[in-house]
Amino acid sequence: MAQYVVKRLLGLLPTLLLVGFLVFLLVHLLPGDPARLAAGQDATPETVELVRKDLGLDKSLPQQFVRFVGGVLRWDFGQSLRTKRPVATEIRDRFMPTFWLTVWSMVWSVIFGMAIGILSAVWRNRWPDRLGMTLAVSGISFPAFALGMVLMQIFSVQLNWLPTVGDDTWRHYILPSVTLGAAVAAIMARFTRSSFVDILGEDFIRTARAKGLDERRVVFKHGLRNALIPVVTMMGLQFGFLLGGSIVVEKVFNWPGLGRLLVDAVDMRDYPVIQALVLLFSLEFILINLVVDVLYGLINPTIRYR
Amino acid sequence: MATLPANAVLVADAHVRTPWSEFWRKFRRQKVAMIAGAFVAALVVVAIVAPWIVPFDAETFFDYDALNARPSAKHWFGVDSLGRDIFSRIVMGARISLAAGFLSVACGAFVGTLLGLLAGYKEGWWDRVIMRICDVLFAFPGILLAIAIVAIIGGGMSNVIAAVAIFSVPTFARLVRGNTLALKHLTYIEAARSLGASGFTIVMRHIFPGTISAVIVYFSLRIGTSIITAASLSFLGMGAQPPTPEWGAMLDAARADMLTAPHEALFPALAIFLTVLAFNLLGDGLRDALDPKIERR
């Protein structure tokens, strides 16, 4: 098991290096001179040259890449062009709100998604299934930003039940996490249903029924564990969707998280921040997928790690 | 003499099941997917004739006496904060969203399918390089890849389409590669090779048709995702710029007037929802009709 994790981690290295290289190239692919961008529009040519030297932009590309990787390993992403603060500090301040937002979205979308999926599979082609799957296909078709605006209009403006923007109390988390999780819950529901329908048609389920187990035990004890295997894989992929989706949802709810930091940075062409965030988001995604692969083995004993 | 036409009738009576008629027979049974398909077709027609059917110009007509007005007989979907007719803007927006969804997925599917065929058929070095590129593209979660691309090449609708196309490439490449790997060792491919068919002929005439049904299903489902992605980028201010009547950009503009004029947000939101829903339902129906493994349970 430990051997497998180490092997997978080593296998990730080429992907990580390539991702890092692309993110590094970002600066050089930007139109215009990055040194001038960093120095500001009104800087004199002398200042621009100074900034160029300071940022190491006068060195050759390989040298710059080594410097960039060295910085990343020391968690040093340079300075934000907009606020002049270290990028690492900016990220630290914004990390937790985004983290909790994605975690809560995941938690409730897994619970609701799986519940709807199981109900739909058990009552296949009857009204709970029809209702559940109608909800699910609507969920994947409603873009997060539109859903967020609709929910805010109903629950904050009309009914005045929940706060609109910010992240001060737990009540602030309800609407954004529902908005962010809706699509994932919908995908989980569809996926759980099809996985469950397959499992419920298997011979061992018929055996369980034949030996007189009540339906609840058949579904939860024999069905659930087997149906869960593909669902867990799906969860990992959906986490990436949540990370990406948080960027949009944070704008709707004016959430003080990483997503809004990224949108603002793209607006202001604040490339050190863009670089760091793109790297961080993909790093998170890659690591989560690794964790999911390992979890996969824990719930599926038929998989042997080599 | 008279037996020949009689024979022809007999053949028609026996219902020769071509793949196409088989598909149609299964697809026709799914009422929801049929309705969704009709809706998509109607939408395409509306998008094509949009400039000639809109009651007002979407960008240059301003009704200053009716700012933020609710829906009425004159303005079916109401008026926005600058005095523009929302119905006209929604209809023109269909052009943009459908074009963005279709073009980006078409480019992505084309490149992705070619790469997938190449990787699956050649294997070895080609396969490793192409799949490594896909891994890297997959390492950027969701919309992030599109945002990074837009950050480099700049905003605007054509750049958004390019970004969303690149975002679709790895999905198609993986799908087609998997199918190609499964098909290439089948006997009929071996037969084609033993007859002296070139690699190109084998891939294009014998392997590609075997992957086409999966590509069509993904194509339809992917258009929904791409329309949402493109609208999201416009909503974030990175795509279509004002005064372009793009649905995502319209929603972004409506945010400022949510308290006084919620209908400005309602109609673009509904437009995106119904369009994407139609493509998703159509995709589901196509999958059920094209996948031989799925018999209706």
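Trainee: Let's start with contacts along the chain. Of the contacts in chain A with a separation of 6 or more, what percentage comes from residues 24 or more positions apart?

Mentor: Two residues are in contact if their C-beta atoms, placed from the backbone, lie within 7 Å. In chain A, 70% of the contacts with a separation of 6 or more are between residues 24 or more positions apart. For chain B, 70% of contacts between residues at least 6 apart in sequence join residues at least 24 apart. One thing before we go on: this is a predicted model, where local features need pLDDT of at least 70 and side-chain atom pairs count only at pLDDT 80 or more, while totals for chains, interfaces and linings use all residues. As for labels, residues are numbered from 1 along each chain as its sequence is written, and chains are lettered from A and ligands numbered from 1 in the order in which they are written.

Trainee: How many helices and strands are there in chain A, and how many in chain B?

Mentor: Helices (H or I, at least four residues) and strands (E, at least two) are DSSP runs, numbered from the N terminus. Chain A has 12 helices and zero strands, and chain B has 11 helices and zero strands. The C-alpha atoms of chain A fill a box of roughly 85 × 60 × 30 Å along the principal axes; for chain B the box is roughly 75 × 60 × 35 Å.

Trainee: What percentage of the residues in chain B is buried?

Mentor: You count neighbours. A residue is buried if 20 or more other C-beta atoms lie within 10 Å of its own, exposed if 12 or fewer, and partly exposed in between, with C-beta atoms placed from the backbone. In chain B, 45% of the 297 residues are buried, and in chain A it's 37% of 306.

Trainee: How many residues of helix α10 of chain B are buried?

Mentor: Seven of its eight residues, 247-254, are buried, so the helix is mostly covered. Among them are Trp247(B), Met250(B) and Leu251(B). The buried residues of α10(B) pack against α4, α9 and α11 of chain B, and also against α7 (144-158) of chain A.

Trainee: Speaking of the two chains, how many residues does each give to the contact?

Mentor: Chain B gives 36 residues and chain A gives 41. On the chain B side, α5, α6, α9 and α11 each give two or more residues. The largest share, eight residues, comes from α11(B). By class, the chain B side has 26 nonpolar, six polar and four charged residues. Ala, Val, Leu, Ile, Met, Phe, Trp, Tyr, Cys and Pro count as nonpolar, Asp, Glu, Lys and Arg as charged, and the others, Gly among them, as polar.

Trainee: At what angle do α6 and α8 of chain A cross?

Mentor: Two packed helices are described by the angle between their axes and the distance between the axes. Axes are lines fitted to C-alpha atoms, for helices over the stretch in contact, and angles run from 0 to 180 degrees between N-to-C directions. Here, the axes of α6(A) and α8(A) come within 8 Å and cross at roughly 135 degrees. That makes α6(A) oblique to α8(A): under 35 degrees counts as roughly parallel, over 145 as roughly antiparallel, 65 to 115 as roughly perpendicular and the rest as oblique. Residues in this contact include Gly132(A) and Ala136(A) of α6(A), and Ala182(A) and Ala186(A) of α8(A). Its classes are eight nonpolar, two polar and one charged.

Trainee: What is phi near in Trp75(A)?

Mentor: Most residues other than glycine have a negative phi, and most peptide bonds are trans. Phi of Trp75(A) is near 60 degrees, a positive value. Trp75(A) sits in the loop between α4 and α5 of chain A and is exposed, with 12 other C-beta atoms within 10 Å. Asn125(A) also has a positive phi, near 65 degrees, and lies in the loop between α5 and α6 of chain A.

Trainee: Last one: where in chain B is confidence lowest?

Mentor: pLDDT is the predictor's confidence in each residue, from 0 to 100. Chain B has a mean of 82, with 93% of its residues at 70 or more. Its confidence is lowest in α1 (residues 3-13), at a mean of 50, and highest in α4(B), at 90. Where pLDDT is low, the predicted coordinates should not be read in detail. For the complex, the predictor gives an ipTM of 0.82 and a pTM of 0.84.
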